[in-house]
Amino acid sequence: MAPQAIPGVLQNMLTSDTSQVNYLGSASLFPMQVMTQQATRHARRVYVGGLPPLANEQTISRFFCHVMNAIGGNSAGPGDAVVNVYINHEKKFAFVEMRTVEEASNAMALDGIVFEGVSVRVRRPTDYNPSLAAPLGPSQPSPLLNLAAAGLTPGMAGEGDGADRIFLGGVPYYFSEAQIKELLESFGPLRGFDLVKDRDTGNSKGYGFCIYKDPSVTDIACASLNGLKVGDKTLTVRRATISGQLKSEQEYILAQAQQHIAIQKMALGAGVINLPGGGTVSLVNVEIPTKILCLTEVVTTDELMDDGEYQEILEDMREECQKFGELIDIVIPRPIPNVAHTGGIGKVFLEYSDASGCTKAKSSLSGRKFGGNTVMALYYPEDKYYAGDYAA
């Protein structure tokens, strides 16, 4: 079947790499219906950008039909809200055509929704004319939409917030919203939270989304909770959008090492999280990253007494350890003549400009063999280091 003509801007935008699926079929439409559809098309289409690599017309159509039904956005009644999908595979965007203007407006509430692991942008197309669209139907999403069914909250998924939106999966079904929020809020106050529930039963589907008032805790919260055993489940916690994921290996290692950093607040108090049914999650033995790394089992007293060997060790350490970040200083305490005990003998202290470099060094150096010994790498309290106390 030949595709329908595409007027205006859309015709210019579609390239040879752009394909179209028509789910209604123009042959079944009477001329007046065709004219009406053509006249309203600019107000019935939505732009969907940032598509995942494997997206195609069928998967996009099925996804948006399902989501529109789930949130109660099918204002035209039963059936599929999507009638056409135009996709540009090369540039990873699509135009999704809805049955009615009102359904297209409802679809605008889906901005930031996660589709195949990617938070996609939902916008009006460039040829949308608000003045011409106004008489055709509502221009804003219905306030009665059940956005929680799609893991969305009004105001959560704007363009500026999408990168900091967090996906939370593997949540035990018996966990209440209050219990999950209590866990999440140990990192800081939330600006939005949704536990996705089955529309018919009201039961949890085991996943949800949240966003923090302070975006700086987003990565810490993800690293702290991801992989955490909760009851019979293991949490999966990550940014909801690929573009917002950690940008580099260095940041990734930092996030890994910061596991449970914010949960430490709770560990100072109770030490455990109580689970429904009497189970607990242990929060002890939490190590908080600092800018100072202490290496033990690296040097011997005899090596420290020899000026030549000491200088060689110092230079070797500097050459190796500056690979992990900006290395500010290296301190290797040496025995002091006529002093029975000098603090920190046998240790090497690495001072980095930030905790990220320190964390990367810890990940790489811990467990290495040095002089037949296995090196232990530990974060060292910054206050003690700067006070010259190396004996802690």
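Strand E8 (residues 166-169) and E13 run antiparallel and are joined by 4 bridges, and Gly169 has Thr236 as its bridge partner in E13.

Helices and strands are named here from DSSP runs (H or I of at least four residues for helices, E of at least two for strands), numbered from the N terminus. Residues are numbered from 1 along each chain as its sequence is written. Because the model is predicted, local features need pLDDT of at least 70 and side-chain atom pairs count only at pLDDT 80 or more, while totals for chains, interfaces and linings use all residues, and side-chain values use heavy atoms, with hydrogens and water left out.

The protein chain holds 13 helices and 21 strands. Of its 392 residues, 46% are buried, where buried means under 20% relative accessible area, exposed means over 50%, and partly exposed lies in between (1.4 Å probe, protein chains only). Among the contacts in the protein chain with a separation of 6 or more, 70% are between residues 24 or more positions apart.

A further open sheet has 4 strands in the order E17-E18-E16-E21, again with antiparallel pairing. E17 and strand E21 (376-379) are its edge strands, each pairing on one side only, and the twist averages 20 degrees from one strand to the next. E17 is joined to E18 by 4 bridges, and E16 also pairs with E18 in the antiparallel sense over 4 bridges.

| Residue | Opposite residue in E18 |
|---|---|
| Ile330 | Leu350 |
| Asp329 | Glu351 |
| Cys294 | Phe349 |

E18 is mostly covered, with 5 of its 5 residues buried. Val348, Leu350 and Tyr352 point one way from this strand, whereas Phe349 and Glu351 point the other way.

Helix H11 also belongs to this part of the model. The 15 residues of H11 (residues 307-321) should span 21 Å at 1.5 Å a residue, which agrees with the 21 Å between its end C-alpha atoms; the expected span is 1.5 Å times one less than the number of residues. Its buried residues are Tyr310, Ile313, Leu314, Met317 and Cys321. Seen down the helix axis, these fall within an arc of 100 degrees, so they line one face of H11, the arc being that of the directions from the helix axis to the C-beta atoms. The face turned away from this buried side carries the exposed residues Glu312 and Glu319. The buried residues of H11 pack against several elements, including strand E16 (292-296), strand E17 (327-331), strand E18 (348-352) and helix H12 (355-365). At the start of H11, a side-chain oxygen of Asp306 comes to within 2.9 Å of the backbone nitrogen of Gly308.

Helix H3 (residues 57-70) has 14 residues and reaches 20 Å from its first C-alpha to its last, close to the 20 Å expected. H3 is largely enclosed by the rest of the structure, because 10 of its 14 residues are buried, among them Phe63, Phe64, Val67 and Met68. Asn56 caps the N-terminal end of H3, with a side-chain oxygen 3.0 Å from the backbone nitrogen of Gln58. After H3 comes Gly72, whose phi is positive, near 80 degrees.

Terms used:
Contact means heavy atoms within 4.5 Å. A polar contact is a pair of N or O atoms within 3.5 Å; within protein, one must be able to donate a hydrogen and the other to accept it, and residues adjacent in sequence count only if both atoms are side-chain atoms. Two strands pair if DSSP finds at least two bridges between them. Axes are lines fitted to C-alpha atoms, for helices over the stretch in contact, and angles run from 0 to 180 degrees between N-to-C directions.
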